[in-house]
Amino acid sequence: MGEIVIFTDKIPFAEIKRLADLRFGDMVKGVIDVENSVVALGGELHADEEAELLNNNSKQENLWGVNIYPDLVWPEMIEFDSMINIRPNQNNRSRSVEDEKIRNKILEILKDKIFYE
Amino acid sequence: MNNVIHKDLASGRWLEMNLSQQLGNIGSEVGRAANWKKKEKIEMMDAALNRALDLLNLTIADKRWRTGRKELCRAREVLVDTFWGDKEYNDTPENLEKYFFQFAVAAKK
């Protein structure tokens with residue numbers, strides 16, 4: 001039906017497009033482990049990717065949800081919006097990623113990993 | 001079930017969630033739709049709204065919420081009216097997002 005792919009190294013842009021087409025068409029949901037630089041893509045919910053990464057030794061406090069819209073340009077293609085981001089105990093009270101340092105870290109990780117063949 | 005977007009959830013996983021979790025997830029898509037509307041990206045707004053309605057339909061069909069169905073169906077009607085209709089109910093995308101967001105917060109408690 002769908003698949004979650006975990007990327008520890010590079011992410012081909014074509015793979016982002018494929019995962020987007022497989023499920024929602026215009027976007028793919030992603031969760032990033034900002035500590036270990038691991039990215040999970042392709043889940044139906046961010047919570048699904050979160051669970052996969054937790055099973056992969058990630059810590060919840062390091063996991064942040066985004067949406068990637070492959071048809072938009074960088075950095076607009078990255079949308080910081082996920083229910084898993086609502087974490088009052090980390091002072092994040094909205095679906096966005098409120099800490100600018102963490103947002104920049106996420107962008108840095110994705111920019112480094114995504115490549116165009 | 002051919003036109004269902006969230007196929008895995010529709011197969012039973014949605015029924016494992018409580019109402020707050022369901023409505024919180026619906027609210028995520030409503031929020032995205034509101035943001036795309038602000039940016040005047042209507043195609044992307046439509047895609048987010050379709051996803052929201054896909055999930056809302058699953059919640060309405062969930063037998064556990066039978067007694068709350070009236071409110072859920074009204075929420076769907078107001079949602080569609082606000083984004084695609086004649087704004088008969090004088091509601092706004094932002095208000096609708098707030099309505100669903102309270103459930104997202106409750107789901108995290």
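Me: What counts as buried here, and what as exposed?
Reply: Buried means under 20% relative accessible area, exposed over 50%, and partly exposed lies in between (1.4 Å probe, protein chains only). This is a predicted model, where local features need pLDDT of at least 70, side-chain atom pairs count only at pLDDT 80 or more, and totals for chains, interfaces and linings use all residues. Side-chain values use heavy atoms, without hydrogens and water, and residues are numbered from 1 along each chain as its sequence is written.

Me: Which residues point which way from strand 5 of chain A?
Reply: Leu63(A), Gly65(A) and Asn67(A) point one way, Trp64(A), Val66(A) and Ile68(A) the other, and all are buried. Strands are DSSP runs of E, at least two residues, and helices runs of H or I, at least four, numbered from the N terminus.

Me: What is the strand order in the sheet?
Reply: The sheet of chain A is open, with five antiparallel strands in the order 1-4-3-5-6. Two strands pair if DSSP finds at least two bridges between them.

Me: Which strands stand at the edges?
Reply: Strand 1 (5–7) and strand 6 (78–79) of chain A; each has a single partner strand, so one side of each lacks a neighbour in the sheet.

Me: How many bridges join strand 3 to strand 5 of chain A?
Reply: Six, between residues 28–33 and residues 63–68, running antiparallel. Lys29(A) has Asn67(A) as its bridge partner in strand 5 of chain A, and Val31(A) stands opposite Gly65(A).

Me: And what is the partner of Asn67(A) in strand 6 of chain A?
Reply: Glu79(A). Two bridges join strand 5 to strand 6 of chain A, antiparallel.

How values were computed
Chains lettered and ligands numbered in written order.
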